[in-house]
Amino acid sequence: MLEVRDIHTYYGKSHILQGVDMNLKEGEIVCLLGRNGVGKSTTLKSIMGLVKPRQGSIRFRDEEITGLEPFEIARRGVGYVPEDRRIFRSLTVHENLLMGIKETKGHGGRNGWTVEAIYEKFPRLRERKDSKGGHLSGGEQQMLTIARTLTGNPSLILVDEPTEGLAPLIVRDVIDMLAEVRQGGVTVLMVEQNFKAAIKIADRFYIMGKGHIVFEGDTQALLAAEDVRKNYLEV
Amino acid sequence: MNEYLVFFLHGLAYAGLLFLISSGLTLVFGMMNVLNFAHATMYMLGAYFSYTLLQYTDNFWLSVVVCPLLLFVIGALIERVFLRRVHVYGHLHELLITFGLAYVITEGVKWIWGNYPLAMTIGGLLGETVEILGTAYPVYRIFIFLCAVLVGVIMALILYKTRLGIILRAAVNDSEMVNALGVNVPRVFTGVFAFGAALSGFAGVIAGPLLTTYPGMANDILIDAFVVIVVGGFGSLGGAVVASLLIGELQSFGVLLFPRLSVALVYLLMAAVLIIKPSGLFGEEQ
């Protein structure tokens with residue numbers, strides 16, 4: 001459903017992505033691993049249109065989306081869950097969820113995530129319905145960011161380091177939530193530093209070195225490829 | 001005693017004008033991070049357009065409707081043609097281009113209408129006085145204040161009771177994220193910028209008959225409007241209300257009570273607020 005072909009992305013003069021290739025099939029959870037600063041977040045931002053690749057092609061559901069504005073990509077059914085949450089701090093939890101709903105009934109819209117359905121699945125958010133986003137705990141904010149994306153009924157979500165800075169117990173909640181999301185038929189591409197958390201849910205892995213994909217394979221292959229893990233992951 | 005009442009009401013009228021100008025300025029800054037130096041020139045254009053229209057039609061209400069509409073269009077054009085193009089180069093360029101536009105518009109005004117003050121008079125009921133607690137007071141100043149209240153109420157209803165309002169408040173927090181959630185943020189920016197220009201122009205139309213219409217009027221009020229948004233907190237409409245009232249009354253009573261200090265009072269207030277709460281009275285801590 002998502003094909004990334006040889007994309008090159010720059011920040012000013014620094015060449016961050018130097019030809020990244022990636023393939024996602026419907027319904028998978030794929031995890032992108034790698035050390036800090038190799039371009040994992042930039043890969044997600046490039047797919048979302050938040051930074052524009054100078055070269056290469058990104059196709060989503062057989063349509064070229066390279067160079068489109070983020071809102072156009074979102075309307076085609078891609079959801080983005082950024083690093084460090086980026087909750088709308090002065091809006092209530094409820095308003096944050098309403099923000100996710102898209103104005104145009106587009107290609108997504110089939111998984112039926114309504115605000116009510118979110119409250120059913122994640123009662124903690126209902127309890128905090130009228131609290132300001134800025135007053136939530138880190139774990140609650142992370143749940144809210146994911147839920148906010150779901151109300152837009154994406155068919156693919158890009159999740160950037162969802163467990164960063166969270167206590168181990170909360171990490172489990174967030175991972176469970178992502179598993180639940182996948183159960184609902186949403187494809188997930190996540191960036192993660194927390195190898196142990198990722199290995200619990202991901203079907204496949206990509207590992208990035210400096211601006212490139214250096215490994216691709218499933219859990220077995222990753223566990224077998226000891227040298228790759230040593231060279232490209234922090235253990 | 002009556003003197004105090006009169007100055008209090010004067011303060012309200014000036015606060016009304018300040019609010020009409022600064023509410024647009026603060027929303028634009030909150031969302032787009034652009035401090036729009038050309039914002040007050042929209043106010044000046046409102047006054048000059050109205051002057052010309054009144055010469056031909058002598059219909060104040062027509063001016064009230066037509067001039068803000070013209071400025072809405074001008075605002076939209078400025079955003080589309082100038083700001084959007086320099087956006088990729090960062091905020092400094094955006095700031096500079098609004099600064100340049102302010103100069104060009106001011107010189108244009110001098111060229112078309114002349115570099116001298118113009119007087120406007122208002123007839124009918126608005127030109128009358130009304131008795132308040134035994135003091136005769138011009139209806140027109142009360143009218144200005146009521147206009148600002150009406151605009152403020154409408155804006156609050158939009159911001160807190162509609163989906164558009166949720167989008168606007170979210171965009172003040174993080175416009176890039178709003179874009180990634182499927183909202184056409186570039187269009188929202190154009191709309192907000194144009195709406196801000198229209199409000200500023202509306203303030204100019206109603207300020208025309210009260211203050212003098214001259215090419216320096218934009219700079220006169222721009223400084224106060226900047227102080228309002230700093231004191232109230234960037235992006236906060238509630239902050240703009242409170243700070244407009246504070247600055248309006250401070251300007252008014254400053255002249256009455258401390259004539260020699262009056263110019264500095266506004267800055268003293270701003271400094272005091274910044275020391276105690278750097279994000280402004282109602283600003284979000286970053």
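1. A residue is called buried when its relative accessible area is under 20%, exposed when that area is over 50%, and partly exposed in between. The structure discussed here is a predicted model, and the terms just given are used throughout this note. With a relative accessibility of 36%, B:F72 therefore falls into the partly exposed class, and this residue sits in helix α3 of chain B.

2. Together with B:V73, B:L77, B:V81, B:F82 and B:F195, the residue B:F72 makes a nonpolar surface patch of about 490 Å². Helix α3 of chain B, which covers residues 60-86, supplies the largest share of this nonpolar patch, namely five residues.

3. Chain B also provides the lining of a pocket. The second largest pocket has a volume of about 380 Å³, and among the 18 residues that line it, B:L164, B:L168, B:V188, B:G191 and B:V192 lie nearest its centre. Three elements of chain B give two or more residues each to this lining, and they are α5 (139-161), α6 (163-180) and α7 (185-207). Of the elements, α7(B) gives the most to the lining of the second largest pocket, with five residues. Sorted by class, the lining of this pocket holds twelve nonpolar residues, two polar residues and four charged residues.

4. Closed spaces inside the model can be considered next. How many cavities of 30 Å³ or more are there? The count comes to three cavities, and the second largest cavity holds about 40 Å³ of space. Residues of chain A line this second largest cavity, including A:S46, A:I47, A:G49, A:K52 and A:P53 on the one hand, and A:I58, A:I65, A:T66, A:G67, A:L68 and A:I73 on the other. The lining of the second largest cavity divides into six nonpolar residues, four polar residues and one charged residue.

5. The next two points concern charged pairs. Side chains of opposite charge can pair when their charged atoms come close. Over all chains, the structure holds 19 salt bridges, and one of them joins A:D21 to A:R5, with 3.6 Å between the closest N and O atoms. Because A:D21 belongs to strand β2 (residues 14-24) of chain A and A:R5 to strand β1 (residues 2-11) of chain A, the pair ties together parts that are 16 residues apart in sequence. Both partners are partly exposed, A:D21 at 35% relative accessibility and A:R5 with a relative accessible area of 33%.

6. A further salt bridge of chain A is formed by the side chains of A:R126 and A:E116, at 3.3 Å from N to O. Since A:R126 lies in helix α5 (residues 123-127) of chain A and A:E116 in helix α4 (residues 115-121) of chain A, this pair ties together parts that are ten residues apart in sequence. A:R126 counts as partly exposed at 33% relative accessibility, and A:E116 likewise counts as partly exposed, at 42%. A:R126 also forms a salt bridge with A:E120, where the closest N and O atoms are 3.2 Å apart. A:E120 is exposed, with a relative accessible area of 55%.

7. In helix α10 of chain A, which spans residues 226-232, one finds A:V228. Is A:V228 buried or exposed? At 14% relative accessibility, A:V228 counts as buried. Although A:V228 and A:I207 are 21 residues apart along the chain, their C-alpha atoms are separated by 8.5 Å.

8. A:E161 has a phi near 45 degrees, which is a positive value in a residue other than glycine, and A:E161 lies in the loop between β7 (156-160) and α7 (168-183) of chain A. With 5% relative accessibility, A:E161 counts as buried. B:N33 has a phi near 60 degrees, again a positive value in a residue other than glycine, and its place is the loop between α1 (2-32) and α2 (39-57) of chain B. B:N33 counts as partly exposed, at 40% relative accessibility.

Terms used
Residues are numbered from 1 along each chain as its sequence is written. Chains are lettered from A and ligands numbered from 1 in the order in which they are written. This is a predicted model: local features need pLDDT of at least 70, side-chain atom pairs count only at pLDDT 80 or more; totals for chains, interfaces and linings use all residues. Side-chain values use heavy atoms; hydrogens and water are left out. Patches are made of residues with over 30% relative accessible area and no salt bridge: like charges are joined within 9 Å, nonpolar side chains (Val, Leu, Ile, Met, Phe, Trp, Tyr) within 5 Å. Accessible areas come from the Shrake-Rupley method with a 1.4 Å probe; for residues, only the protein chains shown count as cover. A salt bridge is a side-chain nitrogen of Lys or Arg within 4 Å of a carboxyl oxygen of Asp or Glu. Helices (H or I, at least four residues) and strands (E, at least two) are DSSP runs, numbered from the N terminus. Buried means under 20% relative accessible area, exposed over 50%, partly exposed in between (1.4 Å probe, protein chains only). On a 1 Å grid over the protein atoms alone, a cavity is a set of points where a 1.4 Å probe fits but cannot get out, and a pocket is an open set with protein on both sides within 12 Å along at least five of seven lines; lining residues have an atom within 4 Å of a point. Grid points are joined across faces, edges and corners, and a volume is the space filled by probe spheres set on the points. Ala, Val, Leu, Ile, Met, Phe, Trp, Tyr, Cys and Pro count as nonpolar, Asp, Glu, Lys and Arg as charged, and the others, Gly among them, as polar.
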